[in-house]
Amino acid sequence: MDFILIQFLTGLSNASALFLIASGLTVIFGVTRIVNFAHGSFYMLGAYLTWTITRALWDWGGREPLLFVLAILFAALAVGALGALIEIVLLRRIYRAPELFQLLATFGVVLIIQDIALAVWGPEDLPLPRPPWLRRFVEIAGSRFPQYDLILILVGPAVLAALWFLFQRTRFGILVRAATQDREMVAALGVDQRILFTGVFFLGSALAGLGGAIVLPSQSAFLQMDLAIIAEAFVVVVVGGLGSVPGAFLASLLIAEVQAFGIVLVPKATLVLVFLVMAGVLIVRPYGLLGRPQAHARAATGTVEPVIRPAPAILGWAGAVALALAAAAPFFAGPYAVTVLVELAVFVLFAASLHLMMGPGGIVSFGHAAYFGLGAYGAALGLRFLAVPMEAGLVLAPLLAGLFGLVFGWFAVRLSGVYLAMLTLAFAQIVWAAAFQWVEFTGGDNGILGVWPSDWARGKAAYLWLAIVLCIGATLLLRRMIHAPFGYALRAARDSELRAEAIGLDAVRIRLGAFVIAALGAGLAGGVYAYGKGSVFPTYISIPKSIDALLMVLLGGVQTVSGPIVGALAYHTLFLTVLQAFAWWRLVLGLAIVLLVLAFPQGIAGFVRQRYERARGIEGA
Amino acid sequence: MSGPVLEARGLHKRFGGVHAVNDVSLAVHAGEMLALIGPNGAGKSTCFNLLNGQLGADAGEVRLEGRPLAGLKPRAIWRLGVGRTFQITATFASMTVRENVQVALISHHRRVWSFWRPARRHFGNEADALLAQVGMADQAERPCGVLAYGDLKRVELAMALANDPKLLLMDEPTAGMAPSERIALMELTRSLVRERRLACLFTEHDMDVVFGHADRIIVMNRGSLIAEGDAAAVRANPAVREVYLGSGGH
C-alpha cells in the first residue's frame, strides 16, 4: 500500500510541472489558434535561466530558499517577455496563414533556441547544486518522500486557482475567455487583438518558463528538454481538450499518474502507454475530456485551393533529364554522390506520399515518419526473425506500413484540423516508443544492423538504379493518381464534404484510401532507405523525421503536384551542402524556415507556378 | 402513369420541446415542380432535411418510387436518383466547371477507385452536354472558385443532373441571386423538369419565384401543413393570408 501511495504522490508532483506547461500551451491555442511547438523551448529556457539566476543570487546572498523562489519568478517573467517578443516579431504576421505554416514557424523557433541555448550554456547537463533544504525528506507511511516534491504537489492546484481568478475576475481574463469562444466576435466588439494576443503569449510562455524552473532541482537543465516535453504537453492538451485549462489540469493528473504507475508495472512500455491513453480518450471523446468542437474560426479566411492543371511539357522534359543524369551518375560521380542520390530518391517518395494526404487530401499528418519507420523496421525485422531476402523485405516494408496506416487511419480520418495533426503525432510516437523501448524485439536505441541488399544489388550503382526504379516509379504512380479519378474524388472530399456526399462520394473511405496509399509509399521509401544504409534506428520514426517530411512538402509547395519532388530535392541538398557545413546548422535552418514561412507561404513550386500563370494570363483561383 | 416519385407520410421531428415537423405528408410527381413555402421557423428546412436524408425522422416514412429511404445516407439516396442543390452553393472550388461535373459523372459511373487514366479524359463529352443544358458551356474551363454566384448555382444544377435523377431537391435555389438571375434560373429548372420528366421539390422565400414557377404549392406553418394547391388557390387561402399578412395568430 505504501508503495502505491508513494507512486501516487510522485505522479501528483510530476503532474504540477506538466500542468504549468500544458495550461500555457492550451491558453495560447485557445485564443490565437496557434499550436506552439516552441512552447517546449520556453520550458527549457525557464530551466536554464533559473539555473543561471539562482547561481548568481546564491553567490551574492547565500543558498537561501527565498532567493531560489525569486530566481524562479525572474526566469518565468523573462521567458514570458521572450514569448511576447516572438509573438510581436513573428507570429503576428502569420495568424492568417494556414495552421501548418504557423506550426512550422514555431518549429523554426525551436531550432533557433536550441542553438542559442547550446551557445550560451554549452552541451553539458546543468544540475542545480542542492543545498540541504533541497535534499530534505519527509516520512510518509514509513517511506521517505522528497520534501521539495511535496511542495510541488501544491503548485499545480495553486496555479489553477490563480488562473481561475485571472479568467473569472479580471477584464483581461474575461477577454481571453471570450476570444477562446469567438475570436471574430471579440474583434468586432472593438477589442485590440494585438494587445490581447501578446498578453496571452506572455502569460502562456511565462507558465512554460515556470514549469521548466520548478523541475530544475530534480532534473537539471539539458538541451533535449524541449522536444521531450512538447510531445507530452501536446498529449495533455489534447486529452484535456484544446483551450480548456481545467481539462489540462485533469489530463496532466491522468497522464502523470499513468506514467508514475506505468514505470513500475510495464517499464518497457511507459511511452506507449501514455499515447495509448491519449488515443483511447480521443476515440471516446474526440475533442478531449473537457473540450468542444473547434469553432470554425478559420473557415472564413480559408484560402481557396488552386486548380491543378497538367504540368507544362518543359517540366516533364526537365524531370526526364534530371532522372537520366541521376541514373548515369555512377559513371562520372564518386561513391558519396551516388549514396546521396539514393537518399534523394527515398526522400522524394517520402515527401510525395505525405503530399498525397496533405495536398489533395487535406489530411495534415504530423506523424508520417511512423510509416517510413515501419517500412524500415519491416524490412529489418523480416531479416532478423524470418531471414527474408531483400526482394521479399521490400514487399514486406510497404505492407507493414500500409497495415498500420489502415488501423491508424481508420481513427484519424474522422477528425480534422489540429486534432487530426495531434492524433497522427500520437500514433507516430507509439511506433517510435515501441522501437525505442522494446529492446528485445527491435534492438532499442542500438537499432538493427546488417540490413544489406541481396548480392546483385550490393554495388553502389546497382542499388542506385534499384532505388530510382522503386522510389521514382512509385512517386510517378502517386502523381498519376492525383490526376486520376481517385485524386479528383479526394480533392472533392477536401473542397466540400457536403457536396461530395451529395454526389455519392464516401468522403471518409476515400480519405482512408489516401491514408493507406500514403503509408504504403512511405513504407517503401523506408524499406529502400534501410537497405541503403544497412541499418535501422528509432530516429527514423522520431518527430524531427516527421517534420523533415512536412518541410519538404511545404518547401516545395503543398498546392502543386511537383511541389514535394522539388521540396525533397531542395531540402535534402540544402541539408547536406549548406547545413552540414555550419556548426550552427540548427540556427541557420530555423531562420531559413521562419523566412520561408514569412516570404513564400506557397512554397517554391507554388511561387513559380503563380509567376508562370500570371505571365501566361491563366486564371488561377 | 405510376404513383408519385417522392412520397412522405406522417413525418414528425422534435428538437427538445419544439415540434419542428408535425405530421407532414406530401407527394411529388414526375414533371412537376412543387414548392414548399412558409414563414421563417415554419419547419421548411427541417422538413427538407428529412426528405434528403440529412436528418432522421422521429416518425413517418419517406419513399422514393415506393422504396423507403429511412436510414440511408445522403450519398446512398443520391445513388437512387436524387439530385440536390444547396441554399449556400457547394461546389469544388479547386476544380474547373467541367471538372466539377466530371467528378459527379465519375461517381455516378462508379469510377472513383481508378488510379490511372486522367480524370480529365473521363466523361468530357457528357459533362459538356450537361453544361450546355444549363448554359455554362462557355465557362467550362474556369475554376469554380472565381465564378459569379448565379453561375455557381447553374454548375450545381449540372452536377445534380449528372446521375440522371428522378427527383431534384433544391433548397432555396434563388437565395442570394439578383432578380433577373432568379427568373432565368427558375425558367431553366422548369424547362429541365419538363424535358426530363423530373420531379422537383424546392423551398423558396421569394413569392414571385414561387407563384411564377411552381405547379403546386404547399404551405407550412409551425411544423404543420396548412394549405396546398396551385398558385391561385394558395393565394386565396385564408389560412395562408393569415400567416403571411395577418397577425400570425398570437
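This is a predicted model: local features need pLDDT of at least 70, side-chain atom pairs count only at pLDDT 80 or more; totals for chains, interfaces and linings use all residues.
View 1. S220(A) has 15 C-beta neighbours inside 10 Å, so it counts as partly exposed; buried would take 20 or more, exposed 12 or fewer. S220(A) sits in the loop that links α9 (193–219) and α10 (225–240) of chain A. Its phi is positive, about 70°, even though S220(A) isn't a glycine. Most residues other than glycine have a negative phi.

**View 2. R33(A), a buried residue with a positive phi.** Here's another non-glycine with a positive phi: R33(A), at about 60°. You'll find R33(A) in the loop between α1 (2–32) and α2 (39–61) of chain A. R33(A) counts as buried because 21 C-beta neighbours lie inside 10 Å.

**View 3. Helix α23 of chain A and the glycine just after it.** α23(A) covers residues 543–556, and at 1.5 Å a residue its 14 residues should span 20 Å; the end C-alpha atoms are 20 Å apart, so the two agree. The helix is mostly covered, with 13 of its 14 residues buried. Just past α23(A) comes G557(A), with a positive phi of about 115°.

**View 4. Where chain A touches chain B.** On the chain A side, 29 residues are in contact with 35 residues of chain B. The elements of chain A giving two or more residues to this side are α19 (460–483), α20 (485–495) and α21 (497–502). α20(A) gives the most, with eight residues. By type, the chain A side splits into 17 nonpolar, four polar and eight charged residues.

Definitions and conventions: Residues are numbered from 1 along each chain as its sequence is written. Chains are lettered from A and ligands numbered from 1 in the order in which they are written. Helices (H or I, at least four residues) and strands (E, at least two) are DSSP runs, numbered from the N terminus. The expected span of a helix is 1.5 Å times one less than its number of residues. Two residues are in contact if their C-beta atoms, placed from the backbone, lie within 7 Å. Ala, Val, Leu, Ile, Met, Phe, Trp, Tyr, Cys and Pro count as nonpolar, Asp, Glu, Lys and Arg as charged, and the others, Gly among them, as polar.
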